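I opened the notebook to look up a few contacts in this structure. My entries follow in the order in which I made them.

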Amino acid sequence: QVQLVESGGGLVQPGGSLRLSCVASGSVFSNSAMGWSRQAPGKQRELVAYITTDGSTKYADSVQGRFTISRANAKNTVYLQMNSLKPEDTAVYYCNRNPPRWTWGQGTQVTVSS
């Protein structure tokens, strides 16, 4: 079973930046499209970005131009660079295979507030 460990969240002011990381155990990472999702209080989890095995990316309209997803297959790691953060980006952020198939990790909390 693949285990996912997210990190890099925190408290940041509007307009600030954070870089999230997600490490996946096992040997299937390089053969898997990966996605970052987020869940705000009282809302459903939503996919914000994904990256295919060949590096193609796609973003939700709400983060397009501000977030960048990338991957390092040698490290079994997927990243989410988040710039120009807004209060509405506040959520717990999770990674998973895309479409989701593995057990969700604990996520990492991102809070954007002044």
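**Entry 1: charged side chains**

I began with Glu 46, which is partly exposed because its relative accessibility is 34%, and the cut-offs put buried under 20% and exposed over 50%. I note here that the model is a predicted one.

I then looked up the partner of Glu 46. Arg 38 makes a salt bridge with Glu 46, and the closest N and O atoms are 2.8 Å apart.

Which other residue forms a salt bridge with Arg 38? I found Asp 89, with the closest N and O atoms 2.9 Å apart. Arg 38 sits in strand β4 and Asp 89 in the loop between β8 (77-82) and β9, so this pair ties together parts 51 residues apart in sequence.

Is Asp 89 buried or exposed? I wrote down buried, because the relative accessibility of Asp 89 is 0%.

Asp 89 also forms a salt bridge with Arg 66, where the closest N and O atoms are 2.7 Å apart. Arg 66 belongs to the loop between β6 (57-59) and β7 (67-72), while Asp 89 is in the loop between β8 and β9, so the pair ties together parts 23 residues apart in sequence. I list Arg 66 as buried because its relative accessible area is 10%.

Through shared partners, the salt bridges join Arg 38, Glu 46, Arg 66 and Asp 89 into one network. The count of salt bridges comes to 3.

**Entry 2: the disulfide**

How many disulfides does a search of the whole structure find? I got 1. I identified the pair as Cys 22 and Cys 95, with an S to S distance of 1.7 Å. Cys 22 is in strand β3 and Cys 95 is in strand β9 (residues 91-97), so I recorded a link between distant parts of the chain, 73 residues apart. Both Cys 22 and Cys 95 are buried.

**Entry 3: strand β9**

I stayed with β9 and checked its burial. Of the 7 residues of β9, 6 are buried, so the strand is largely enclosed by the rest of the structure.

Next I looked up the strands that pair with β9. β4 and β9 run antiparallel and are joined by 6 bridges. In β9, Asn 96 stands opposite Gly 35. β9 also pairs with strand β10 (residues 108-112), in the antiparallel sense, over 3 bridges. There I noted Ala 91 opposite Val 110 in β10.

**Entry 4: a loop glycine**

Last, I looked up Gly 26. Where is Gly 26 found? I placed Gly 26 in the loop between β3 (18-24) and β4 (34-39). Gly 26 counts as exposed because its relative accessibility is 52%, and the cut-off for exposed is over 50%. I also checked Gly 26 against Leu 11, which is 15 residues apart from Gly 26 along the chain. The C-alpha atoms of Gly 26 and Leu 11 are separated by 31 Å.

Definitions and conventions
Residues are numbered from 1 along each chain as its sequence is written. This is a predicted model: local features need pLDDT of at least 70, side-chain atom pairs count only at pLDDT 80 or more; totals for chains, interfaces and linings use all residues. Side-chain values use heavy atoms; hydrogens and water are left out. Helices (H or I, at least four residues) and strands (E, at least two) are DSSP runs, numbered from the N terminus. Buried means under 20% relative accessible area, exposed over 50%, partly exposed in between (1.4 Å probe, protein chains only). A disulfide is a pair of cysteine sulfur atoms within 2.5 Å. Two strands pair if DSSP finds at least two bridges between them. A salt bridge is a side-chain nitrogen of Lys or Arg within 4 Å of a carboxyl oxygen of Asp or Glu.
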